[in-house]
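Please keep the sequence and the model in view while reading.

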Amino acid sequence: MTPIRFRAGPSGRRRLSTRILANQLVILALTGLIGFILFAFAQRAELDHSYEQRALAVAKITAADPQIQHGTQYGDDAVVQSVAQRIGRASGASYVVVIDMHRIRHSHPIAALIGKPVAEPIVVKDGHPHVGIDQGATGRSANGKAPLYSPSGALIGEVSVGLPERDVLGELWNELPTFGLYAALATAIGAAAAYLLARRLKRATFGLELEELACLMQDREAMLHGIREGVVAFAPDGRITVVNDEARRLLGIGTALGHRLEEVLPDGRLRRALDGTLTGADVSVLTDDHCLVVNRMPVTLHGRELGAVVTVRDRTELIGLLRELDSVRGLTDALRAQQHEFTNRMHTVAGLLDIGDHKSAYDYAIDTARSGQALTEAVRRHIGNPLMVGLIVAKTTVAAERGVRVVLTDDSALSDDPPHLRRLLTIVGNLLDNAVDATAEAPPADDGRRILLTVTEGDGQIVVRVADNGRGIAPGTAQSIFEDGWSTRPERGTARRGLGLALVHRLVQRHSGTITVSEGPGAVFTVVLPQQGTQQGAQPGTAPAPGAALSTKALPMGSDLR
């Protein structure tokens, strides 16, 4: 069976991989820019904190200087200003301001402000140092304030030190190129990953674009739920990935997506046909209500196994029509045989009349009329039901046309209204058809081509036995012959062979009966049906081993489905 192969379709105006790559690059650029800005702000805050601590350290050193302590306590502003400027130049501070508890400045980079009060309150009255950003007279700076104590340990003021903002910004600008390099490197790595992802998505979507994927999805849904055939798709691991409404109806599996076949169907011919155990085209499967034809095809792409697709067709109506056609054909053959025999007899009568032997013509016509009723009367002596009588007479006439003699045994006995009549007619008709075919195609035996039919009713059961002297059943095939699709004869046109015995087997099993067959030359089929047997149910889509069956509601009786 030729696997299904997919080929990537033509690209659209803008390829899916290009759009994905472009979108991801934009996202990467935006996120990289936002991250860079956030990192710059975070680094700025970190530098501010670092400079604030440096300013505080300078303030503490200044507050610990004995000259600063003595000059502030006794009002020696010259000494305080000199020491503060020396410390400011050494530390790079923009200002070192010493303030007493009355908020009077004792040092300041602007000499005119010495001796002037500050506007802010003294914040070190709690005895703890403080840091922050100061918008002072010298500009924006990182500020640290430390308490100033006298040699005796009394709080006499505070020391405020500021490091200029330009130093913070300068250090930040020195670090930003490194940060920008990291951001650009991250963006480049992200772009490469986006490109690889886009290529992978392209392979996963078989090179199809978004619009094509959407159209394919719409077409698939419309096709799956609009066709009259069941479709089931399987992943490489055997799980069901697609199942349409018709497949659910025909197989009776309900919601099966994501499940394996063994989880939704019991073992049987149907499951073996679906999972590929049964190979070949148009595998016939009989269920309780349908005659199905199953085809399984593997799906590959570039040599890679993607799973399998199974189609399920319902041939119940077609098989029913074929059975009706076969029934009509059988009736036609019987009428043709009778017409042929009647024509021969009429020619004999006409010849006798032409020669003027009227008495012989009369006697021959009387004997012919009696012999024509002999077969029917012989059957009626043993079979009370008129439908069964008609079936046996018709089959006997058709068999005689093919050189086969059907004999109803003397121990046969059937009442006017036997139980399971419809099933019984189907069983007898199919067994006789198979026996006639097997016997007509085999070399004649010493006693000619012969079939013995026995139908008995009694002891709470009905027994049907059909014995022929044809080729018989090959050793080791006594069970497999009851599987649907099994046949030793070629198919005839559209007629599907290998269903008759499977139908008989299933009917017998559903009514708690038994069917046996002998192996070797001259097959003997024996069917035993309990008169009060209850019909056994079957799960949807299952077939009792070794065969399967089909509801007789859809098929007429006694036709040729070998």
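## Cysteines and the basis of the report

Cys291, in contrast, has a relative accessible area of 0% and is buried. The structure holds zero disulfides, a disulfide being a pair of cysteine sulfur atoms within 2.5 Å.

The model is predicted: local features need pLDDT of at least 70, side-chain atom pairs count only at pLDDT 80 or more, and totals for chains, interfaces and linings use all residues. Residues are numbered from 1 along each chain as its sequence is written, and side-chain values use heavy atoms, with hydrogens and water left out.

Helices (H or I, at least four residues) and strands (E, at least two) are DSSP runs, numbered from the N terminus. Strand β8 covers residues 283–286. Its residues Val283 and Val285 point one way, while Ser284 and Leu286 point the other way. All four of these residues are buried.

Strand β9 (residues 291–301) pairs with β8 in the antiparallel sense over four bridges; two strands pair if DSSP finds at least two bridges between them. Within this pairing, Ser284 stands opposite Val293 of β9.

## Helix α12

Helix α12 spans residues 421–440 and has 20 residues. From its first C-alpha to its last it reaches 28 Å, close to the 28 Å expected at 1.5 Å a residue. The expected span of a helix is 1.5 Å times one less than its number of residues. Because 17 of the 20 residues of α12 are buried, the helix is largely enclosed by the rest of the structure.

## Salt bridges

How many salt bridges does the structure hold? It holds nine, where a salt bridge is a side-chain nitrogen of Lys or Arg within 4 Å of a carboxyl oxygen of Asp or Glu. One of them joins Asp282 and Arg313, at 2.6 Å from N to O. Asp282 lies in the loop between α8 (269–274) and β8, and Arg313 lies in strand β10 (residues 304–314), so the pair ties together parts that are 31 residues apart in sequence. Both partners are partly exposed, Asp282 at 28% relative accessibility and Arg313 at 26%.

Two further salt bridges lie within helices. In helix α6 (residues 245–251), Arg249 and Glu246 are three residues apart, about one turn of the helix, and their closest N and O atoms are 2.6 Å apart. Arg249 is partly exposed, with a relative accessible area of 43%, whereas Glu246 is buried at 12%. In helix α10 (residues 358–380), Arg380 and Glu377 are likewise three residues apart, about one helical turn, and their side chains meet in a salt bridge of 3.7 Å, N to O. Arg380 is exposed at 52%, and Glu377 is partly exposed at 35%. Salt bridges that share partners also join Glu246, Arg249 and Asp314 into one network.

## Aromatic rings

Arg54 lies over the face of Tyr51, at 4.5 Å from the ring centre. A charge sits over a ring if NZ of Lys or CZ of Arg is within 6 Å of the ring centre and within 35 degrees of the ring normal.

Technical notes: Buried < 20%, exposed > 50% of the residue type's maximum accessible area, 1.4 Å probe, protein only.
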